[in-house]
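Hi everyone, thanks for coming. Have a look at the model on the screen, and then I'll walk you through a few places in it.

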Amino acid sequence: MKIDLNDKIALVTGASRGIGKQVAKDLASYGATVIANYPHPKDSAEQTVEEITKAGGKAAMIEFDVSNYDAVQESVGSVIDEYGTIDILINNAGITKDGLFLRMKEEDWDKVFAVNLKGVFNCTKAVIRTMSKQKSGRIVNIASVVGEMGNAGQLNYSSTKAGVIGFTKSAAKEFGSRGITVNAISPGFIQTDITQDIPDEYKEKYMEAIPLGRFGDTTDISNVISFLVSENASYITGEIVRVNGGMYM
Ligand code: NAP
């Protein structure tokens, strides 16, 4: 199966590290021009862009916080002005602020919602007119296994990810007639900074629940995303693709 993303402009949010960085690199390796987003100067996406260009790919970076509506519209607008369009949007940026519900502060609830769910709204809003006009587009959102099965200590995070699943299905219904597909990946336990600090005893518990007997790599996610944004997946929309080693079926 050939994946050809030549002439496609792809915006990947939260591309400075983890899953987003790998997705940016893979989409570029298939020919896309990748716009790698990052939220603040101290953690720029410079390394992502450097690695892509060194490998012969095309990439640029753009700073904005996905939770800031005005900043997103302005920044994504400037990308569209410069490149003419955005063909692919990967809503990847996400954060956790874990804690048992009794101790969860209002700000921990609001912040996680602002980035993980409103961020998806903000970025989709910023690309949808352009995609509608050109009657084509690919949007992939990153949900999570805990948005499907729940997790103690993550009431805020799991609620946002369940929201992302609802958003994905509704958007797929609303945008389908314009040639835009909207899908989500629901990752299980993927080895990145977000999972690094989980105590070993919890990691052991998670491992016991994974039939394939290993945690996922960022490439396990990016491989599926590369397929979903390609021509090969043109008849797939509204799907929530589980990439979790069998952790939840
Ligand atoms: P990560 O390593 O912590 O990376 C998160 C990325 O999002 C970073 O580039 C971060 O930038 C960026 N980001 C955070 N807040 C942002 C904001 N307000 N605006 C723009 N970018 C922002 O996490 P990851 O594991 O790669 O996770 C990526 C996505 O997969 C998230 O949506 C996460 O919920 C989801 N997911 C991950 C797992 C897993 O096991 N790893 C499982 C299920 C779902 P900075 O580096 O500057 O902070």
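This is a predicted model: local features need pLDDT of at least 70, side-chain atom pairs count only at pLDDT 80 or more; totals for chains, interfaces and linings use all residues.

**A walk through the model**

Let's start with Asp-7, which sits in the segment before E1; helices (H or I, at least four residues) and strands (E, at least two) are DSSP runs, numbered from the N terminus. Before going on, two notes: residues are numbered from 1 along each chain as its sequence is written.

Most residues other than glycine have a negative phi. Asp-7 is exposed, with a relative accessible area of 72%; buried means under 20% relative accessible area, exposed over 50%, and partly exposed in between (1.4 Å probe, protein chains only). Lys-135 also has a positive phi, about 55°. You'll find Lys-135 in the loop between helix H4 (106-134) and E5, and it is exposed at 55%.

Now, which residues come nearest to the ligand? Of the 31 residues around it, they are Ser-16, Arg-17, Asn-92, Tyr-157 and Thr-192, where a residue is near if one of its heavy atoms lies within 4 Å. An oxygen atom of the ligand is 2.5 Å from an N or O atom in the side chain of Tyr-157, and for the side chain of Lys-161 the distance from a ligand oxygen is 2.9 Å. A polar backbone atom of Ile-190 is 2.8 Å from a ligand oxygen. A polar contact is a pair of N or O atoms within 3.5 Å; within protein, one must be able to donate a hydrogen and the other to accept it, and residues adjacent in sequence count only if both atoms are side-chain atoms.

Which helix gives the most to the shell around the ligand? That is H7, with three residues. Thr-195 lies in H7 and is buried, at 10% relative accessible area. Ser-16, in the loop between E1 and H1, is buried too, at 15%. Leaving aside residues up to four places away in sequence, Ser-16 touches several others, including Asn-37, Asp-43 and Thr-48; contact means heavy atoms within 4.5 Å.

Let's move to the core. In soluble globular proteins, nonpolar side chains tend to be buried together. A nonpolar core is a set of buried Ala, Val, Leu, Ile, Met, Phe, Trp, Tyr and Cys residues joined through side-chain atoms within 4.5 Å. The largest one here has 29 residues, and Val-12, Leu-27 and Ile-185 are among those with the most contacts inside it. H1 supplies the largest share of this core, five residues. There is also a second, separate core of 25 residues, which includes Ile-62, Ile-80, Ala-93 and Val-182.

One last stop: is Ile-142 buried or exposed? Ile-142 is buried, at 6%, and its place is in strand E5. The C-alpha atoms of Ile-142 and Asn-91 are separated by 6.3 Å, though the two are 51 residues apart along the chain. Not counting residues up to four places away in sequence, Ile-142 touches Asn-91, Lys-161 and Ile-185, among others.

Technical notes. Side-chain values use heavy atoms; hydrogens and water are left out.
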